Amino acid sequence: MTSRTDEIADFLAQNGWSNAQKAPLAGDASARRYERLTMFDGKKAVLMDAPPEAGQTTAPFVDMARHLTALGVSAPDIYAADMQRGLLLIEDLGDDLFARMVTNNSQLERPLYEAAADVLTTLHKYPAPTGLATMDAQTLRDMIEPVFSWYVAGADREWQKPWKIFQEEIHPILAEHIGAPDTLVLRDYHAENLLWLPDRQGIARVGVLDFQDALLGHRAYDLVSLLQDARRDVPQEIEHHIKAHFFQASDIDPEAFDIAYSLLGAQRNLRIIGVFARLCMHFGKPHYVDMIPRVYDLAMRNLQHPLLKGPAEILSSALPAPTPDLLENLKAKCATVPTP
């Protein structure tokens, strides 16, 4: 049987990169791995290793990258692809992640976030690719389940009954105020997946990564992802400013959009709490637990919306706050589960 190392070596040799130096790049929460390749003449590329046996596929990334670049968005160019073996050679967009740039220079925060919002308003002007899965009300409801089955359960509380009650409460609210999915949603649109490319023009100055899980949904979803970031604190002054900037460039009803923004903010952040608990307890990645308090606070803020009074009352008793003891308990359980 050919080893993964041999498959990668063969792929690189076929495409003229066998002599490249390799350096690991930070990956995402999936089983995909990334390496930066540098040739002796300084030419660079990124190797994406998406093992099919780990349930990974490269086709959605390739399709979405081509869609985005056709609209003028700086997704990585695809240099070479072996779909069957789950290997890609893609453009290296550099290291200037929004999160890093803003940490080094806080004066960049507003213009970078404005540029990121401009990418979204541009994308929303064009039809989404056909064949995408949809985030309708039922899907959005079901996506919340991990906060019960992993976070609440991980806190050693009964979760199935409150989850059933919560579903019945949240579904009609989502159905009434989110509407039919009609817009491309990249899903993980935040400061650690965006790169600043100042030598380019317009929306091309924003490099976009990690879009292979794109869906058809509501245009507020990616704005929530950007401004209610699980990984860094976005000042509320910036959040309010960017929302106003987004409104100016969009043909939307601000009041209806604000409702959807709060509902999707609650939905997304509740889901992320559960996903982070699962990444710890099932996949052996305890550092995700450290981000749960921030996400919990964001969820609680969104749940203050009057429309969410019923769901908020259910969660007030069902969803424990992420106290230091609870977080340590989750990490202790993480240590007992072997990493796949």
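Analyst: A23 stands opposite R36 in β2. The model is predicted, with local features needing pLDDT of at least 70 and side-chain atom pairs counting only at pLDDT 80 or more, while totals for chains, interfaces and linings use all residues. Residues are numbered from 1 along each chain as its sequence is written, and side-chain values use heavy atoms, leaving out hydrogens and water.

User: In which sense do strand β1 and strand β2 pair, and over how many bridges?

Analyst: Strands of a sheet pair through backbone hydrogen bonds, either parallel or antiparallel. Two strands count as paired if DSSP finds at least two bridges between them, and strands (E, at least two residues) and helices (H or I, at least four) are DSSP runs numbered from the N terminus. Here β1 (residues 21–25) and β2 (residues 33–38) pair in the antiparallel sense over 5 bridges.

User: What is the order of the strands in the open sheet?

Analyst: The 5 strands run in the order β1-β2-β3-β5-β4, with antiparallel pairing. The edge strands, each pairing on one side only, are β1 and β4 (78–82).

User: Which residues have the most contacts inside the largest nonpolar core?

Analyst: A nonpolar core is a set of buried Ala, Val, Leu, Ile, Met, Phe, Trp, Tyr and Cys residues joined through side-chain atoms within 4.5 Å, where buried means under 20% relative accessible area (1.4 Å probe, protein chains only). The largest one has 103 residues, and those with the most contacts inside it are F148, Y151, Y189 and F276. Helix α10 (residues 254–281) supplies the largest share of this core, 16 residues.

Definitions and conventions:
Buried < 20%, exposed > 50% of the residue type's maximum accessible area, 1.4 Å probe, protein only.
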